[in-house]
Each structure stands twice: as C-alpha cells, then as structure tokens.
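Visitor: I have a structure here and would like a friendly tour of it. Could you show it to me first?

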Amino acid sequence: MTTKRNLRIVFMGTPDFAVATLNALIDHKYNVVGVITAPDRPAGRGQKLRASAVKEFALEHNLKILQPKNLKAESFIEELKALHANLQIIVAFRMLPKVVWQMPEYGTFNLHASLLPQYRGAAPIHWAIINGETKTGVTTFFIDEKIDTGAIIKSEETQIENSTTVGELHDDLMTLGSNLVIKTVQQIENDSVTTKIQPQNEDLKTAYKLNRDNCKIDWSQPIDTIYNKIRGLNPFPTAWCYLDNTEETQVSVKIYGVEKIKEDHDYDNGKLMTTKDELKVACEGGYINILEIQLPGKRKMDVKSLLNGFDFSESAKLL
C-alpha cells in the first residue's frame, strides 16, 4: 500500500471564484499553511480599504495570510520559504515569477476556467459566452514560464445553454473547479499524477482582458453576436452603449437581461421601439428585447419600471 504524501499547501487567489476552492481544501482537511492574496484596495465612494474575498475567508478560518505587493521582493520570498510548503495551488491570481512557482517539491498548479488550450488569458468565462460556445470547462495544469501553457493534469467540461449568462456560468465553473482541484490534489497526494502537454497546432481562441472598448455593443452586428455579447457580460462588467434620445445629448447606458426576437424588418440598426412594457432594439436579423437596463446615476431596473417614468422620443436610438 502506497503511503500518502504529507502535503503542506500554500493557496494563492483573490476573488470569490477562488474562495470556493480554498473552502473545499479546508472541508477536505488539507493542511493549508499559508494564503497569498492581493493587498487591500480602496473601493466604493469612500475609497475605504477593502480586503479581497479570499482574505476575508482566510481571516474567518485563522489561516496565515501574506499580501505581497511585489512577488519578486526578497522579503516575500523569505516569508514564503518559511512556510515550508511542498505544493502551491493558484486560482485567479496573478502571474508568478519562476522563483515562486518552482519553489515547492510537488510543484505549483493552477485552476483555469476553460478547456485548455482554448481561452488562455484573463477572461475565459466571458469570452466563451461572447463567442457563442456551447461547452466550456475547467482545467488544472502545472505552471511554467508562459501564461496558461503548462502541462495539463485534469479537465472537466460542462454545457453552456443558449440563455446562460456569465454570472451563472461563473458560479457553475466555480463549483466544478473546486471539485477538480480536490481530485488533482488527491492525485498529487497519492503520487499518481499523469500529465499531457498542451497541443500547439490548433486554432486557439484567446480570453483577452476586458475593457471599456471591447464591452461596447455594436448594433450593426448580427442579432446572435449582440445577444451573446450582452449575456457574456451580464452581470459583470456589463455591456454598454450610448442612448441618443434627443439627438443633442448622448448618455451611456448598461444593458443586462435581454431576449432575442428573430424576424425581418426595415428599421435602422439601433432604432428603439417602445410599448408600455416593452423596449426593443432593431438589429440585423431581428430585435433585442431589453429586460434590464441601467441609466447614468441610476440603479439597474427592469424595463417596465423604467417605462413608467421615462419618455423615449420617436427618434430614440442606441449607438
């Protein structure tokens, strides 16, 4: 009978997505000797310092916390060495220097929210939906010099339904991913890991970092493209466009929940049509029916509530 390795784990992560995995490690009684997370950052109108979701969880469970600003700093490297970890697990953190990921005896592995080698990069969950994929998944892999290119340990896939939003898929993959990490740790614990090199000869899709420009809706695109983009950014960071209601001033609006209505029409792209409880936007191949919207300085609201107190002009359009 093979003796199990005695694991001493350092966990690195920052957002909610990472908390589920750290929680799973604690639930399975693994020895987490340290948690590395981002420094507290100013947030909200008062710009008060706010701890990361991972730090808040670690505090609740009395875990050792390090919050380095510089991952190459000698002081951090010494603190990390002093934890005597033999395995490091990374979930939604930042790129590690070689001196860090090479440190533990049993390696450093990362959980990535895609089926690698597809969707390497910062926003794999969003881009899978934006690009209209019907399946995605999670992958664990050993870290190497490049981003998301290391040898794959395990992966698991899931379906993406036609109405799935990025918020819903995020939560599904968070659970799927935490379970996959436990399976990966069990293999490392039992010294039964087998890996496969990521294939390099495919047409690879990239999960580019999201910014204001690539979150803007282009109403000249086909209806499916627009629909996928909106749900792939709902509820965060949210698709947006300009509302031209008077032909004098344009305001930025955020679009959340939508439906698509496929039918022929002769309206210009972006033309708005309203009834007492419906707000539709003309586009190539039909209409986007807006269910939730946010105007500047206002909270997100359902369209029926908006139409009760907001008048759209006959020439109103989205740009």
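This is a predicted model: local features need pLDDT of at least 70, side-chain atom pairs count only at pLDDT 80 or more; totals for chains, interfaces and linings use all residues.

Visitor: Is Tyr242 buried, partly exposed or exposed?

Guide: Residues are numbered from 1 along each chain as its sequence is written, and side-chain values use heavy atoms, with hydrogens and water left out. Buried means under 20% relative accessible area, exposed over 50%, and partly exposed in between (1.4 Å probe, protein chains only). Since Tyr242 has 28% relative accessibility, the class is partly exposed.

Visitor: Which kind of aromatic pair do Trp240 and Tyr242 form?

Guide: Rings of Phe, Tyr and Trp (its six-membered ring) pair if their centres lie within 6.5 Å; planes under 30 degrees apart count as stacked, over 60 as edge-to-face and the rest as tilted. By this rule the model has three aromatic pairs. For Trp240 and Tyr242, the centres are 5.0 Å apart and the planes stand at 90°, so the pair is edge-to-face.

Visitor: What is the distance from the charged end of Arg212 to the ring centre of Trp240?

Guide: Trp240 itself is buried, because its relative accessibility is 6%. A charge sits over a ring if NZ of Lys or CZ of Arg is within 6 Å of the ring centre and within 35 degrees of the ring normal. Lys216 lies over the face of Trp240, 5.6 Å from the ring centre. The charged end of Arg212 also sits over this ring, and its distance from the centre is 3.6 Å.

Visitor: How far does helix α1 reach from its first C-alpha to its last?

Guide: Helices (H or I, at least four residues) and strands (E, at least two) are DSSP runs, numbered from the N terminus. Helix α1 covers residues 16–27, twelve in number. The expected span is 1.5 Å times one less than the number of residues.

Visitor: Are α1 and α2 roughly parallel or roughly antiparallel?

Guide: Helix α2 spans residues 53–60, and its axis lies 8 Å from that of α1, at an angle of about 25°. Axes are lines fitted to C-alpha atoms, for helices over the stretch in contact, and angles run from 0 to 180 degrees between N-to-C directions. Angles under 35 degrees count as roughly parallel, over 145 as roughly antiparallel, 65 to 115 as roughly perpendicular and the rest as oblique. The angle therefore makes α1 and α2 roughly parallel.

Visitor: Which residue is joined to Pro235 by a cis peptide bond?

Guide: A cis peptide bond joins Leu116 and Pro117, with omega of about 15°, and Pro117 belongs to the loop between β7 (108–112) and β8 (120–121). Pro235 lies in the loop between α7 (223–231) and β12 (239–244). Its cis bond has omega near 10°, and the partner is Asn234.

Visitor: What is the relative accessible area of Asn62?

Guide: Asn62 is in the loop between α2 and β5 (65–66). Although not a glycine, Asn62 has a positive phi of about 55°. This residue counts as exposed because its relative accessible area is 73%.

Visitor: How many of the nine residues of α7 are buried?

Guide: Among the buried residues of α7 are Ile223, Tyr227 and Arg231. The helix is largely enclosed by the rest of the structure, because the number of its nine residues that are buried is seven.
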